[in-house]
Amino acid sequence: MAGADREEVVHPGMKVAEVLARWPHLLEVLVEASPAFQKLKNPLLRRTMPALVTVAQAARIGGLEPEELVARLNRALGKEGAPVQGGGGGAESLLGTPPPPWLAAPVGFHLDVRPILEAGGEPFSRILAAAREVKPGERLVLEVLFEPIPLYRVLAKQGFLAWCEKVGERHYRAHFYRQGMGGEEGLAKAPPLTEADWEEVQAEVTIEENLEPPLPMMRVLEALAALKPGEKLLVHHVRRPIHLLARLEEEGHAYALKDLGPGRVKLLIRKGG
């Protein structure tokens, strides 16, 4: 019976699509919770984005704490005080977990990317460059505006353990401890792209300015899935796609970027595998 009761409330690991399918009236609650959810009023996005995103992830997209959004949704269901748990969504966050013993390790690199984020920039390449400077037994410390959950798995593949703390309003400090060099073995198998790689590609994708997230990333990943390992995809984009870059890094695809001016970015991807 406990499992059945749990399904009568919203929990962090539920997909937004499941929430809206079961309780359509919660769409208005989401929209009221954050302007970021206004796009859910678009029927096309309502069929795509919610299927990919959990309630916990949606909360962070909307600038909310997952517990706050879950509690608001459950209040609308008449489930005041329902426990916020389960579904794996909370496991993605490291906030509130006990400080690890390696937190006393020396800092190999300290990087504050808040100014970049405030200006609407993309700090992903800066973070990866900083991570390369950190030696085994040292920490990379990041000052960010939100918990950098996509980085956890990306840097884990390079041998990093992660922990995060909230130190102020829109100020999070993420710590990444490099255990050893073993996690970099997979990266060594993928040589970096060179200028000659841009001369011949097997497929191209153009991302239009009015295409709402996550449709640009979905379009690129679909095109990439159609290629064979070693083949290349050229993407004409309107911005540096930070979440796509994290996904490419995580899946072991080599990539290179060229900024061509405002609203023009070329991204070359060589499929790994």
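User: Does Glu143 count as buried or exposed, and at what relative accessibility?

Analyst: Begin with the scale. Buried means under 20% relative accessible area, exposed means over 50%, and partly exposed lies in between, with a 1.4 Å probe and protein chains only. Glu143 has 5% relative accessibility, so Glu143 counts as buried. This is a predicted model, in which local features need pLDDT of at least 70, side-chain atom pairs count only at pLDDT 80 or more, and totals for chains, interfaces and linings use all residues. Residues are numbered from 1 along each chain as its sequence is written, and side-chain values use heavy atoms, with hydrogens and water left out.

User: With which residue does Glu143 form a salt bridge?

Analyst: The general idea comes first. Side chains of opposite charge can pair when their charged atoms come close. The rule for a salt bridge is a side-chain nitrogen of Lys or Arg within 4 Å of a carboxyl oxygen of Asp or Glu. Glu143 pairs with Arg173, and their closest N and O atoms are 2.7 Å apart. This pair links distant parts of the chain: Glu143 is in strand E2, Arg173 is in strand E4, and 30 residues separate them. Helices (H or I, at least four residues) and strands (E, at least two) are DSSP runs, numbered from the N terminus. Arg173 is partly exposed, at a relative accessible area of 25%.

User: How many salt bridges does the count come to?

Analyst: The count is eight salt bridges. One of them joins Asp112 to Arg114, with the closest N and O atoms 2.7 Å apart. Asp112 is partly exposed at 33% relative accessibility. Arg114 is partly exposed too, at 24%.

User: Which side chains meet in a salt bridge at 3.6 Å, N to O?

Analyst: Start with the helix itself. An α-helix has 3.6 residues a turn, so residues three or four places apart point the same way. Now the case: Arg72 and Glu68 form a salt bridge at 3.6 Å, N to O. They are four residues apart in helix H6 (residues 66–76), which means about one helical turn separates them. Arg72 is partly exposed at 27% relative accessibility. Glu68 is partly exposed at 36%.

User: Which side chain of opposite charge is nearest to Glu138?

Analyst: Sort the charges before looking. Lys and Arg count as positive, Asp and Glu as negative, and His and the chain ends are not counted. For Glu138 the nearest is Lys135, 4.9 Å away. Glu138 is buried yet has no salt bridge. Its place is in the loop between helix H8 (124–132) and strand E2 (139–144). Contact means heavy atoms within 4.5 Å. Leaving aside neighbours within four places in sequence, Glu138 contacts Pro106, Gly108, Glu133, Phe176, Tyr177 and Arg178.

User: At what angle do H8 and helix H9 pack?

Analyst: Two numbers are needed here. Two packed helices are described by the angle between their axes and the distance between the axes. Axes are lines fitted to C-alpha atoms, for helices over the stretch in contact, and angles run from 0 to 180 degrees between N-to-C directions. H8 and H9 (residues 149–156) pack at about 40 degrees, with their axes 12 Å apart. Phe124, Ile127, Leu128 and Ala131 of H8 meet Leu151, Val154 and Leu155 of H9. The contact residues are seven nonpolar, no polar and no charged. Ala, Val, Leu, Ile, Met, Phe, Trp, Tyr, Cys and Pro count as nonpolar, Asp, Glu, Lys and Arg as charged, and the others, Gly among them, as polar.

User: Where is Pro150 found?

Analyst: Pro150 is in helix H9. Pro150 is partly exposed at 37% relative accessibility. Leaving aside neighbours within four places in sequence, Pro150 contacts His243 and Ala246. Ala246 is among the buried residues of helix H12 (residues 242–251). The C-alpha atoms of Pro150 and Arg247 are separated by 8.1 Å, though the two are 97 residues apart along the chain.

User: Which residue follows H12, and what is its phi?

Analyst: Gly252 follows H12, and its phi is positive, near 85 degrees. Arg170 also has a positive phi, about 55 degrees, although Arg170 is not a glycine. Arg170 sits in the loop between strand E3 (160–168) and strand E4 (171–178).
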